[in-house]
Amino acid sequence: MTGTALSTEPRPADRRRGQLPPRARKSVVVAHVTSSVSWLALMLCLLTLGAAALATDDADTVRSSYRAMRLLGDVLVLPLSLLSLGSGLALSLWTPWGLFRYRWTTVKFWLTLAAAAASNIELTARLHDAARLANRHPGGSIAQMQLGFLRYNLVIIPTVALALYGFLVAVSVTKPWGRRHPTRRTAPT
């Protein structure tokens, strides 16, 4: 059948102004979910490497872990965080959810913005510090690298990020808190 009676997609006249067509919306949703899950998986990888470096007594394992963490951070943190933030922003602006219409979209936006900033500024700086110390001391013991609290930071930061991303996933699925400013409807006279 070629008629539009069975189509579930609204006709262009049925869509609200400024909203994405269904196919474009689905593409942006796929980009958003993929980048967000990848960002979460990146933090899991960083946590695994950071925990391995913290738990070991082998200095070569520490150096290898920190070099790998820096490589992952340099290649993936910026594109994944910005793609997740940008696609989420696009979905909120060009779908009925709106950026500030619902509390959950507002909370997600601000927390994602903060996470992207923290990942690109603080996390990558700590990853570079660790790799720099590992490269400065290509041999010798862990104590000679003088890592101090940095070893713990490289476990704490990804752990906090994973907790935050888990919260954001829960907010996305449950959509709590309702509208920020409920529309007031007056009874017809």
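Student: Is Phe109 buried or exposed?
Tutor: Phe109 counts as buried, because its relative accessibility is 16%. The cut-off for buried is under 20%. Keep in mind that this is a predicted model.

Student: What about Trp110, buried or partly exposed?
Tutor: Trp110 is partly exposed, since its relative accessible area is 47%. Exposed would need over 50%.

Student: How many aromatic pairs are there in the structure?
Tutor: The structure holds six aromatic pairs. One of them joins Trp97 and Trp104.

Student: What is the geometry of the Trp97 and Trp104 pair?
Tutor: Edge-to-face, because the planes stand at 75°. Planes over 60 degrees apart get that label. The ring centres of Trp97 and Trp104 are 5.2 Å apart.

Student: And which geometry do Phe109 and Trp110 have?
Tutor: That pair is edge-to-face, because its planes are at 65°. The centres of Phe109 and Trp110 lie 4.9 Å apart.

Student: Back to Trp104. Buried or exposed?
Tutor: Trp104 is buried, with 8% relative accessible area.

Student: Then where does Trp97 fall, buried or partly exposed?
Tutor: Trp97 comes out at 36% relative accessibility, so it counts as partly exposed.

Student: Which residues do ring pairs link into a cluster?
Tutor: Trp97, Tyr102 and Trp104.

Student: Switching to charges. What sits over the ring of Trp104?
Tutor: The charged end of Lys175 does. Its distance from the ring centre is 4.9 Å.

Student: And what lies over the face of Tyr102?
Tutor: Arg179, at 5.2 Å from the ring centre.

Student: What is the phi of Lys175?
Tutor: Near 50°. That is a positive value, and Lys175 is not a glycine.

Student: Is Lys175 buried or partly exposed?
Tutor: Partly exposed, because its relative accessible area is 35%.

Student: What about the phi of Trp177?
Tutor: Trp177 has a positive phi too, about 80°, and is not a glycine either.

Student: Where does Trp177 lie?
Tutor: In the segment after H4.

Student: Last one. Trp177, buried or partly exposed?
Tutor: Trp177 is partly exposed, given a relative accessible area of 43%.

Conventions
Residues are numbered from 1 along each chain as its sequence is written. This is a predicted model: local features need pLDDT of at least 70, side-chain atom pairs count only at pLDDT 80 or more; totals for chains, interfaces and linings use all residues. Side-chain values use heavy atoms; hydrogens and water are left out. Rings of Phe, Tyr and Trp (its six-membered ring) pair if their centres lie within 6.5 Å; planes under 30 degrees apart count as stacked, over 60 as edge-to-face and the rest as tilted. Buried means under 20% relative accessible area, exposed over 50%, partly exposed in between (1.4 Å probe, protein chains only). A charge sits over a ring if NZ of Lys or CZ of Arg is within 6 Å of the ring centre and within 35 degrees of the ring normal. Helices (H or I, at least four residues) and strands (E, at least two) are DSSP runs, numbered from the N terminus.
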